[in-house]
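Student: Could we go through this model together, one question at a time?
Tutor: Gladly, let's have a look.

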Amino acid sequence: MAEEAKPRDAWMRFYLDAIRNLEPGLTEILVHLGYDDAELRAVTAGYDVFDAKWRQQDYDVMTSAEFRQA
């Protein structure tokens, strides 16, 4: 699981490594996409890890050209 404390480049590397190290068979990767905006900050208030910033980082990685290429 990607951790909030990881900087953006480490976040990207975490997901790219996950893709590159897949074994044959069925794999499911769960992500929690969202925009780090006032609405999501209000919804995730009190969450130390799965907050709006965390969800924005997932979104940024999943929509990046680098991840799409992997």
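Tutor: Keep in mind that this is a predicted model. Ring pairs join Trp11, Phe50 and Trp54 into a cluster.

Student: How are the planes of Trp11 and Trp54 arranged: stacked, tilted or edge-to-face?
Tutor: In total there are four aromatic pairs. For Trp11 and Trp54 the distance is 6.1 Å centre to centre, with 80° between the planes. Planes over 60 degrees apart count as edge-to-face, so the arrangement of Trp11 and Trp54 is edge-to-face.

Student: Which helices does this pair link, and how many residues apart are Trp11 and Trp54?
Tutor: The pair links distant parts of the chain. Trp11 sits in helix H1 and Trp54 in helix H3, and the separation is 43 residues.

Student: What is the geometry of the pair formed by Phe50 and Trp54?
Tutor: The ring centres of Phe50 and Trp54 are 4.8 Å apart. Their planes meet at 85°, so this pair is edge-to-face.

Student: Is Phe50 buried, partly exposed or exposed?
Tutor: Buried means under 20% relative accessible area and exposed means over 50%. Trp11, at 0%, is buried, and so is Trp54, at 2%. Phe50 has a relative accessible area of 29%, which lies in between, so Phe50 is partly exposed.

Student: Which helices are among those that cover the buried residues of H1?
Tutor: Helix H1 runs over residues 8-20. Its buried residues are Ala10, Trp11, Met12, Tyr15 and Leu16. What covers them includes helix H3 (52-62) and helix H4 (65-69).

Note on methods: Residues are numbered from 1 along each chain as its sequence is written. This is a predicted model: local features need pLDDT of at least 70, side-chain atom pairs count only at pLDDT 80 or more; totals for chains, interfaces and linings use all residues. Side-chain values use heavy atoms; hydrogens and water are left out. Helices (H or I, at least four residues) and strands (E, at least two) are DSSP runs, numbered from the N terminus. The expected span of a helix is 1.5 Å times one less than its number of residues. Buried means under 20% relative accessible area, exposed over 50%, partly exposed in between (1.4 Å probe, protein chains only). Contact means heavy atoms within 4.5 Å. Rings of Phe, Tyr and Trp (its six-membered ring) pair if their centres lie within 6.5 Å; planes under 30 degrees apart count as stacked, over 60 as edge-to-face and the rest as tilted.
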